[in-house]
Amino acid sequence: MPAADARADGWMADALAEARAATAHDDVPVGAVVIDRASGEVVARAHNERELRRDPTAHAEILALQAAAEASGSWRLDACALVVTLEPCPMCAGAIWAARIPLLVYGAADPKAGASGSLYNFAADPRLNHATEITAGVRADECAALLTRFFADRR
């Protein structure tokens, strides 16, 4: 983890708390927080609510970005970081790009649907007009264990 992002471990604790909240309504435990990079304060937080809302787009990242845009009064979140427990999927990677997020921090890699380094790296496509720095693997074991337990309990 780069020295500039040494606070990412603490931010991931907030994202993990959100992820745990998703299990209360049988959603996959993924949590996200949007951070103001200057102050280090949480601007918005969310967890998966696909089951709760019956909405395929209600991923933690999407909900957190929506809440951050509402709180800031702008769709441009170029002073923020997004911290999420699981590597974003293609839909969420696109939303990160659209929001102009300059830093993505994630915990567990997603080899089946990850679009920030595993299957794809949406943020690194030079054809796009905005790039996102990625810090991967923050508290990865803890993030992955939460997901593993969730799916093991359903088998």
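So, the largest pocket: 20 residues line it, and Val 28, Val 30, Leu 86, Asp 110 and Leu 147 are the ones nearest its centre. By pocket I mean an open set of points on a 1 Å grid over the protein atoms alone, with protein on both sides within 12 Å along at least five of seven lines, and a lining residue has an atom within 4 Å of a point. This is a predicted model, where local features need pLDDT of at least 70 and side-chain atom pairs count only at pLDDT 80 or more, while totals for chains, interfaces and linings use all residues. Residues are numbered from 1 along each chain as its sequence is written, and side-chain values use heavy atoms, leaving out hydrogens and water.

Back to the pocket. Its space comes to about 420 Å³, taken as what is filled by probe spheres set on the points. Helix α5, residues 140-153, gives the most to the lining, 4 residues. By class, that lining splits into 12 nonpolar, 3 polar and 5 charged.

Now, what about cavities, where a 1.4 Å probe fits but cannot get out? Helix α4, residues 90-98, supplies the largest share, 3 residues.

Last one: Glu 18, in helix α1, residues 8-22. The side chains of Glu 18 and His 47 are joined by a polar contact of 2.8 Å (a pair of N or O atoms within 3.5 Å, one able to donate a hydrogen and the other to accept it).

Notes
Helix = DSSP H or I, 4+ residues; strand = E, 2+ residues; numbered from the N terminus. Nonpolar A, V, L, I, M, F, W, Y, C, P; charged D, E, K, R; others polar.
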